Amino acid sequence: MRYNDKGQELMRRRNFFKTLAGSGLLLSAGAGSPFRRLLARQTNAQLSKVEAWYYKKHPDREIECYLCPRACKLGDKERGYCGVRENIGGTYYTLVYGKACTMNVDPIEKKPFFHFLPRTNALSIATAGCNVNCKFCQNWQISQVRAEQVQHFDFPPQDVVESALKYDCPSIAYTYTEPVVFYEYMYDTSVEARKRGVKNCVVTGGHISQEPLLELTKVVEAIKIDLKAFSEDFYKNYVRGELQPVLDAIKAVHKSKVWLELVYLVIPSLNDSPQEIRAMCQWIGSEIGQEIPLHFSRFYPMYLIKNLPPTPVSTLEKAHTIAREEGLKYVYIGNVPGHKAESTYCPRCQSLIIQRTGFEIKKIELKNGKCKFCQNPIPGIWA
Amino acid sequence: MSSAKVVVVRSKVALSLTKELDKARLVLMIERGLNLLAGTQEIKEAVSQIFSPPDRVGIKINTIGGRNISSRPELSFGLANLLVQGGLQEKNIIIWDRTNRELREAGYRLTIDKAQLKVFGTDTEGVGYDTDLVSHLNIGSLFSTILNNFITASISLAILKDHGLAGVTASMKNYFGSIHNPNKYHDAHCNPFIAELFDTRPIKSKHKLSILDGLRIQYHRGPSFHPQWAENGGLLVFSRDAVAADSVGWLIIEKLRAQKGLPTLEEEKRKPLYLFTAEKMGLGIAHFDKIQILEDEV
C-alpha cells in the first residue's frame, strides 16, 4: 500500500478505474486487445468543434496552421497532419478539446520527471493525435490515429482539475500522445489547474512553434522534451519532423525558467553512435547548461521498427559515461529497472540523494532542495 | 512493363453541372470504355477479362467533396449494374468509402442487404480497420476491412482533381481513403507515399481497374471544391494500369490549366512526381510516350 505525505492511502490504479466507471467517466484507449476491438469498430461519439488557435485564414476557405513547424496549409474539409484539427468551411477547429482518450494516475517518475515533485502522482491525460510519426512510437494506437478512431470521453478542463484534486495528484501531466496537438485543451486546463493550486507538466516531442510555446510556458511548471536524435536525417527519416525546431524549443523552455528535463531514446544503430551522443551532450552543456537532467532511455521494438533488438544496457551506460565526461551533472538511464543510474547523486559529494527502482522512490535525502549531506543545491521543483 | 493502354470516353451532351445526368448515356460511356479497354464488343466479355465470376468487387469511390465534387451515384451504380450484366453477382458488389456520413452527403443511400448491392463506409459498426498494422517501406497503416477482408477485387473509381500537395489526385491516391492515417502521407508532395501505398499487398493484389471521373474536373486549387476552377469535363478515363490512368488524368488537368491560362503544375512546383516513383517501382507507366491513349465519344 502506498501513502501520500498526509498519510492518506493512494488510490490504486484498479480502484481508480472502478471509480471512474462508477462516476460515468469511461476510460478507454490503451494498448492491448480491448483497444484493438475499439479501433475495429470505432465510435460515433461527438467530437469537439472548438475553433483552433494559431492559424491564419486565407481566401477560398483555405487556412494555414502555425501551431507547429509543419505549417499545414489546408483546403476546406481537410485534416491536418495531426489528424485532430480540421478545416470546416474556412475555419480551423480542434476536434479533441475536452475529449480525452485516456487518463491514468501515474507516478511522476514514469513521465519521466526526476527533479519535479518526486514520489507524487500526476493525473495523466491525452487525446488522440500527433504532429510527427515516429517509427518507434510506443503509443501509436492512440497517437497515430484520427480523432474519431479511438473512443474518447468528455473531460472538460474543470473536471480534469477536480479529478486531480480528488485523487490527490499535485500535478496534471499532458502526455502519452503529443500534447501540442491538443494545445487549447492543455492550455485551458493548465490555467484552471493553477487557480486551484495544481501544477502542470508537459511531455512533448518539442515540435512546436515558438509563439505558442512561449505562451504555454506562462501556464505550466515543467516540460519534458524528447530529443529523439541529434541529426536532421534521423528526424526526417524516422520521426517525419525536423530537429532544429526541437532544439529551438529546448532553448526557449530553458530560457523561460519552466523546469526542463530531456529524454533521449537510444535506438541501436540508428542514433546510438558515440559521436552523435557526444555532440548532443556538448550542445546541451553549452546551450542549456550542465544541470539539466538528461535521461537515456532504453528502446524496445515497437510500431514500425521491429527488426532491431532492445538497446543493450552497455550502450546506455556508454552514453551515460559520455554525458558525464561532457560535464552533465544529472544523467539517468531509463527503462532498465534497478539500474544504479536511475538514482540521483549529489554532484558535489557524490552521495545517493534520491534512490529509485523503476518508478518507485526508495529514499529521498534532500532538505529544502539541497543535498542533506553537503547542502549542495539540487536543481528542480521539489514541493 | 513496356506499355499501357488508357481509354478516354467523352460525351458532350450527357453531362451538365447543373442538370440531372443523362443516366443512359452515362452507362453507354462506361460500357464503351470497358469494351475499348478489353478490346471486346460485349460487356460480358469485357467484365470476364477483368474479373472472375466469384469475385467480390469493391468500388472504392471518393465522397470527401460532398455533393459538389464526389463520385456521382449515377456513375457508381451504372458501373455496378454493368458488372452484374457482365456476369458478377449483385450481392458481391460493394460501393464504399471511408465514412457513412460522407457517403450520405454525396447522395448515397446506405444498404447492407445480403442479397443486394451494398453501400457502406469503413466506419460502419462491425467493419472498421483491420487490427494488423501493414508496414511497407514508408507506409505503416491499418487497412479498411472492406478492402482487406470483404472484397477479392478492387476498382478505384476516383474523382480527377488538382491537388495542392500531390499535384493531381486520381485513382492511386483514392486509396488514401482505405487506410486509417492518410493525414500522415501528405509530406513531400505525397511522394513516395502514394506509390508506396499502392504497392502494399492489400491494394496491389486486388486492384483491377482504374476509372477516373472527369465529369466535373477541379483543375485548380483542389482538392476542395471551387466552382470558379471546376470544369464540365464530360469524360471518363479507364485503365487497368493505375499509374497510366493517373498520368493521363494529369495530362487532362494540364490541358485545362493551359486553356485557362494557368501555370503548369511543374511551374507551381507540384508536379506529380509520385507517378514517376510508381513507374520506377514497377507499378505502371507514367511516361506518356509509352501510354497508348484511345479516345472515343458517345
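What share of the contacts in chain B with a separation of 6 or more comes from residues 24 or more positions apart? It's 71%, where a contact means two C-beta atoms, placed from the backbone, within 7 Å.

Before you click around: this is a predicted model, where local features need pLDDT of at least 70, side-chain atom pairs count only at pLDDT 80 or more, and totals for chains, interfaces and linings use all residues. Residues are numbered from 1 along each chain as its sequence is written, while chains are lettered from A and ligands numbered from 1 in the order in which they are written.

**Stop 1: chain B as a whole**

Select chain B and switch to cartoon. You'll find 9 helices and 12 strands (DSSP runs numbered from the N terminus: H or I, at least four residues, for helices; E, at least two, for strands). Chain B has a radius of gyration of 17 Å, close to the 19 Å that the globule rule gives for 298 residues, so it is as compact as a globular protein of that length. That radius is taken over C-alpha atoms, and the rule is 2.2 Å times the number of residues to the power 0.38. Of its 298 residues, 59% count as buried, meaning 20 or more other C-beta atoms lie within 10 Å of the residue's own, with C-beta atoms placed from the backbone.

**Stop 2: helix α3 of chain B**

Now pick residues 73-85 of chain B: that's helix α3, 13 residues reaching 18 Å from first C-alpha to last. Show side chains for L75(B), S76(B), G78(B), L79(B), A80(B) and L83(B), which are buried. Their cover includes α1 (23-38), α2 (43-50) and β9 (207-218) of chain B. Just after the helix, click G87(B), which takes a positive phi of about 115 degrees.

**Stop 3: the nonpolar cores**

Hop to chain A and select V96(A), I125(A), I172(A), I225(A), L262(A) and Y264(A). These have the most contacts inside the largest nonpolar core, which has 109 residues. (Such a core is a set of buried Ala, Val, Leu, Ile, Met, Phe, Trp, Tyr and Cys residues joined through C-beta atoms within 7 Å.) Strand β14 of chain A, residues 259-266, gives the largest share, 7 residues. Apart from this core lies another of 93 residues, among them V9(B), A38(B), L103(B) and I217(B).

Zoom in on I172(A): leaving out residues up to four places away in sequence, its neighbours in contact include A122(A), V160(A) and N200(A).

**Stop 4: where the chains meet**

Finally, show both chains. The contact takes 23 residues from chain A and 21 residues from chain B. On the chain A side, helix α2 (residues 33-41) supplies the largest share, 4 residues.

Terms used:
A residue is buried if 20 or more other C-beta atoms lie within 10 Å of its own, exposed if 12 or fewer, and partly exposed in between; C-beta atoms are placed from the backbone. The expected span of a helix is 1.5 Å times one less than its number of residues.
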